[in-house]
Amino acid sequence: VEIVEGCRLPVLRKNQENEDEWPLAEILSVKDAPGKKLYYVHYIDFNKRLDEWVTPDRLDMKKLQFPKKEAKTPTKNGLPESRPSSPEREVRKSLDLTVQSASAPSRGKTLPTPKRKTESVSLASQVAPVKSVPSLPSSAEATQAAVYPAVREPFPAKAREDEPLTSITTNGTTRRILPSQPGRKRKNCGTDEMIKVFQFNSPRNASGCLPPGEDSQDSSDGIPLAPRMTGSLVSDRSHDDIVTRMKNIECIELGRHRLKPWYFSPYPQELTSLPILYLCEFCLKYLKSLKCLQRHLTKCNLRHPPGNEIYRKGTISFFEIDGRKNKTYSQNLCLLAKCFLDHKTLYYDTDPFLFYVMTEYDSKGFHIVGYFSKEKESTEDYNVACILTLPPYQRRGYGKLLIEFSYELSKVEGKTGTPEKPLSDLGLLSYRSYWSQTILEILMDLKSDNGERPQITINEISEITSVKKEDVISTLQYLNLINYYKGQYILTLSEDIVEGHERAMQKRHLRIDPKCLHFTPKDWSKRGKW
């Protein structure tokens with residue numbers, strides 16, 4: 001039996017416990033190697049970064065599934081995109097003409113329902129039914145910046161509970177929010193209304209509390225319907241093909257590290273067949289051989305990223321790089337980042353962006369650890385477009401340091417900010433952890449006045465942290481802190497929450513020191529071409 005592209009079958013792989021497992025996989029490509037065939041497989045319901053070339057002995061041929069051929073739709077009069085009439089459709093058409101029913105589908109013209117193209121790496125796309133609860137403080141922008149799609153989005157502040165609520169679409173998932181049950185009306189709470197904070201209160205699942213749902217957003221979910229026309233780096237997924245779904249670089253040597261890319265990156269075609277792609281760790285220029293790299297290093301004068309050093313504490317430095325003034329470096333940085341970011345596309349026009357590169361210093365120079373980019377002018381309060389910690393430096397606290405630095409810049413600018421959506425699976429975890437720790441840090445430091453419980457508003461939390469208030473609300477919902485008690489909203493901090501927060505903060509050694517930041521924001525709107 002010949003295995004062709006599109007076939008599905010179980011493939012042997014090792015899991016995290018180094019045990020054998022046979023997940024279902026799809027064959028994306030077949031190539032002939034000396035003496036055998038190799039198959040490029042994508043594991044269904046796994047992240048694309050686990051895709052790999054496998055040998056035939058790892059395939060379970062007994063459960064082979066061939067790709068299903070799509071049935072061709074019969075045409076009417078030989079014309080494409082038209083279908084022959086049927087008696088049922090003719091009757092329905094006449095009914096639609098006589099009875100002007102608003103609920104009649106498509107006015108008698110039956111169109112095939114377009115199926116939404118989904119990657120198979122989504123975590124949990126089904127959402128549990130939402131119980132009706134009192135509305136939470138929010139604004140009309142809540143639907144744009146919701147980060148936890150499976151957690152119920154907050155209502156607009158002016159909505160009444162006895163009015164029907166429109167459906168909210170977040171990351172391609174449409175759900176209808178149910179109004180509260182009759183007889184349980186409660187007044188709405190704006191973001192300026194005081195919220196009381198109760199500490200060490202054990203009951204966490206009170207009736208007014210929102211249960212956190214499963215996360216349905218990862219690197220493949222949350223695909224926007226159309227790309228923004230500004231400097232957004234969000235991939236619209238409309239150009240996905242078999243080439244861009246496959247990793248094209250085998251290995252990258254960057255300084256003292258060798259990196260195995262996770263995703264496709266549009267490096268020049270002639271470099272994709274090389275066993276190792278060599279990069280200068282200071283200017284990020286790509287070269288085809290070690291000899292070319294050694295020759296380049298004798299001529300490359302850079303020992304740090306080009307641009308202004310705006311922060312230094314210990315061995316950690318941040319450099320601000322203008323995408324217009326340092327175009328070649330910015331493009332090389334985007335090419336490297338695309339190897340580890342699946343949900344972002346690559347623009348060779350880097351002019352609308354600023355890049356903030358975090359480095360670690362030693363006697364040889366400033367070595368890149370990670371970076372984030374941001375638009376010079378963002379109409380939607382985005383303070384981060386792309387953010388990445390390189391794999392050798394992950395799980396060491398650098399991701400939170402990058403996030404914290406982006407919010408420190410927002411504080412200097414006097415704005416609140418939010419990352420551009422969709423976030424990758426790892427990005428979502430990092431941001432959720434940062435927001436939780438930052439908000440809990442503020443709540444724990446609140447002092448009571450005159451023996452009463454301390455009070456704070458959502459807007460005050462947002463102003464102190466520069467975190468957008470929609471992200472504050474969604475974090476409080478995720479942490480299951482908001483309760484409705486005696487006509488007002490309260491935040492209940494249980495002992496488990498407090499102890500978990502203290503343990504997490506003890507492990508967080510890397511912090512941004514605002515005193516070491518030397519940054520003057522520019523008003524890019526007053527500059528003709530930046």
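1. Start at helix α8. This helix spans residues 495-507, and E502 lies in it. The model is predicted, and every value here is computed from that prediction.

2. E502 belongs to a charged group. Together with E495, D496 and E499, E502 forms a patch of negative charge on the surface. The relative accessible area of E502 is 41%, so E502 is partly exposed.

3. K285, K288, K291, R295 and K299 gather on the surface as a patch of positive charge. One of these residues, K288, sits in the loop between β13 (286-287) and α2 (290-299). K288 has a relative accessible area of 53%, so K288 counts as exposed.

4. Now the cysteines. How many disulfides does the model hold? The count is 0. C283 is one cysteine to check: the nearest cysteine sulfur belongs to C280 and is 3.6 Å away, so C283 is in no disulfide, given that a disulfide needs two sulfur atoms within 2.5 Å. C283 is also buried, at 14% relative accessibility.

5. C334 is another case. Is C334 buried or exposed? C334 is buried, because its relative accessible area is 7%, and the cut-off for buried is under 20%.

Terms used: Residues are numbered from 1 along each chain as its sequence is written. This is a predicted model: local features need pLDDT of at least 70, side-chain atom pairs count only at pLDDT 80 or more; totals for chains, interfaces and linings use all residues. Side-chain values use heavy atoms; hydrogens and water are left out. Patches are made of residues with over 30% relative accessible area and no salt bridge: like charges are joined within 9 Å, nonpolar side chains (Val, Leu, Ile, Met, Phe, Trp, Tyr) within 5 Å. Accessible areas come from the Shrake-Rupley method with a 1.4 Å probe; for residues, only the protein chains shown count as cover. A salt bridge is a side-chain nitrogen of Lys or Arg within 4 Å of a carboxyl oxygen of Asp or Glu. Lys and Arg count as positive and Asp and Glu as negative; His and the chain ends are not counted. The place of a charge is taken as NZ of Lys, CZ of Arg, CG of Asp or CD of Glu. Helices (H or I, at least four residues) and strands (E, at least two) are DSSP runs, numbered from the N terminus. Buried means under 20% relative accessible area, exposed over 50%, partly exposed in between (1.4 Å probe, protein chains only).
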